[in-house]
Amino acid sequence: MKLLIIGGTGKTGRKLIEQGLSQGHEITAVVRKPGKLKIDDPNLRIVKGDVLKLESIESYFNGQDAVLSALGHKRFFIKTTILSRGTENIINAMRNNRVNRFICITSLGINDSRFKLGLYYTLFTIPVILFFYFLDKSKQEQLIMESNLDWTIVRPGQLTNRKKRTTYNHGLKVGHYILTKMISRASVAHFMLKNLQTSAYLRKAVGITN
Ligand SMILES: NC(=O)c1ccc[n+]([C@@H]2O[C@H](COP(=O)([O-])OP(=O)(O)OC[C@H]3O[C@@H](n4cnc5c(N)ncnc54)[C@H](OP(=O)(O)O)[C@@H]3O)[C@@H](O)[C@H]2O)c1
């Protein structure tokens, strides 16, 4: 398939690119700093774009079969709209180019998975550190759900850099109210790519943990 990947210079996005290439996909990675992505492969096209500027990304969506997003940032503690504005631009670019399949990472703890990232996140990390970030993520999910795209929202537990597993828990009820469940970025990438082949979670927000 022809895949457009957002966030390819990030820790999960890089796994998406590596695994996607090894599965034979043709990948366009839209990144802010092309020099940061040191992967050389004939099936990888690295292009410069900022999701906050629709005109800088829109043309790359032409002819793609699906879009995978691992967009994220580290601007905690302050009010932010990066994820929602960026995702709104992705949705508009998809619409304008008639690309329908969208798989996007958000997080457990958002919207109807509230409290499912465990007690520590519920009582401390989310209200104290990630308050604005999660508010923006929640708006991001809302925009995706309101789009008429073929979307799947992937909500991971706490991310780790451990190696890829091909078996893990996924489903609409995944997560835990007391414990913080984890999942490796490599496994999340595996799950996102697997969802290209199935409609099991079409227009659904699915949790994933070990
Ligand atoms: N950490 C956790 O435990 C956890 C748990 C659940 C969910 N998540 C979510 O999982 C997602 C992936 O996490 P991660 O750790 O892999 O993220 P990450 O390493 O921080 O990567 C984020 C990616 O987004 C890109 N990006 C940011 N702003 C952009 C813009 N304006 N235009 C284009 N690209 C932009 C970054 O590009 P640059 O390289 O240019 O900055 C980077 O490639 C995030 O949404 C995160 O919130 C994290």
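The conversation below concerns a predicted model and some of its local features.

Visitor: How many aromatic pairs are found in the whole structure?
Guide: A search of this predicted model finds 6 aromatic pairs.

Visitor: What is the geometry of the pair formed by Phe76 and Tyr133?
Guide: The two ring centres are 5.3 Å apart and the planes lie at 80°. An angle over 60 degrees counts as edge-to-face, so the Phe76 and Tyr133 pair is edge-to-face.

Visitor: Where in the chain do those two residues sit?
Guide: Phe76 is in the loop between strand E4 (66-69) and helix H3 (82-96), and Tyr133 is in helix H5 (residues 131-146). The pair links distant parts of the chain, as the two residues are 57 residues apart.

Visitor: And is Tyr133 buried or exposed?
Guide: Tyr133 is buried, with a relative accessible area of 9%. Phe76 has a relative accessible area of 27% and is partly exposed.

Visitor: What about Tyr120 and Tyr121?
Guide: Tyr120 and Tyr121 also form an edge-to-face pair, with 6.5 Å from centre to centre and 80° between the planes. Tyr120 is exposed because its relative accessible area is 53%, whereas Tyr121, at 14%, is buried.

Visitor: Which residues do ring pairs link into a cluster there?
Guide: The cluster consists of Tyr120, Tyr121 and Phe124, linked by ring pairs.

Visitor: Moving to the surface, which residues form the nonpolar patch?
Guide: The patch is formed by Phe115, Leu119, Tyr120, Leu123, Phe124, Val128, Tyr177, Ile178 and Leu179. Together these residues have about 920 Å² of accessible area.

Visitor: Where does Tyr177 lie?
Guide: Tyr177 lies in the loop between strand E8 (169-171) and strand E9 (182-184). Its relative accessibility is 48%, so Tyr177 counts as partly exposed.

Visitor: Which residues of H1 are buried?
Guide: The buried residues in H1 are Thr12, Gly13, Leu16, Ile17, Gln19, Gly20 and Leu21. As background, an α-helix has 3.6 residues a turn, so residues three or four places apart point the same way.

Visitor: What comes just after H1?
Guide: Gly24 is found there, with a positive phi of about 90°.

Visitor: How far is Ile129 from Gln19?
Guide: Their C-alpha atoms are 32 Å apart in space, and the two residues are 110 residues apart in sequence. Ile129 is in helix H4 and is partly exposed, with a relative accessible area of 23%.

Visitor: And Lys33, where is that?
Guide: Lys33 is in the loop between strand E2 (26-31) and strand E3 (44-48). With a relative accessible area of 55%, Lys33 is exposed. The C-alpha atoms of Lys33 and Lys48 are separated by 6.5 Å, although these residues are 15 residues apart along the chain.

Visitor: Last one: what does the side chain of Thr106 contact?
Guide: The side chain of Thr106 makes a polar contact with the side chain of Glu141, at 2.6 Å. Thr106 is placed in the loop between strand E5 (101-105) and helix H4 (119-129). Its relative accessibility is 4%, so Thr106 counts as buried.

Technical notes
Residues numbered from 1 in each chain as written. Predicted model: local features only at pLDDT ≥ 70, side-chain atom pairs only at ≥ 80, totals over all residues. Heavy atoms only, no water. Phe/Tyr/Trp six-rings, centres within 6.5 Å; stacked < 30°, edge-to-face > 60°. Helix = DSSP H or I, 4+ residues; strand = E, 2+ residues; numbered from the N terminus. Buried < 20%, exposed > 50% of the residue type's maximum accessible area, 1.4 Å probe, protein only. Patch = residues over 30% accessible without salt bridge, like charges linked within 9 Å, V, L, I, M, F, W, Y side chains within 5 Å. Areas by Shrake-Rupley, 256 points an atom, 1.4 Å probe, with all protein chains shown as cover. Salt bridge = Lys/Arg side-chain N within 4 Å of Asp/Glu carboxyl O. Polar contact = N/O pair within 3.5 Å; in protein donor to acceptor, adjacent residues only side chain to side chain.
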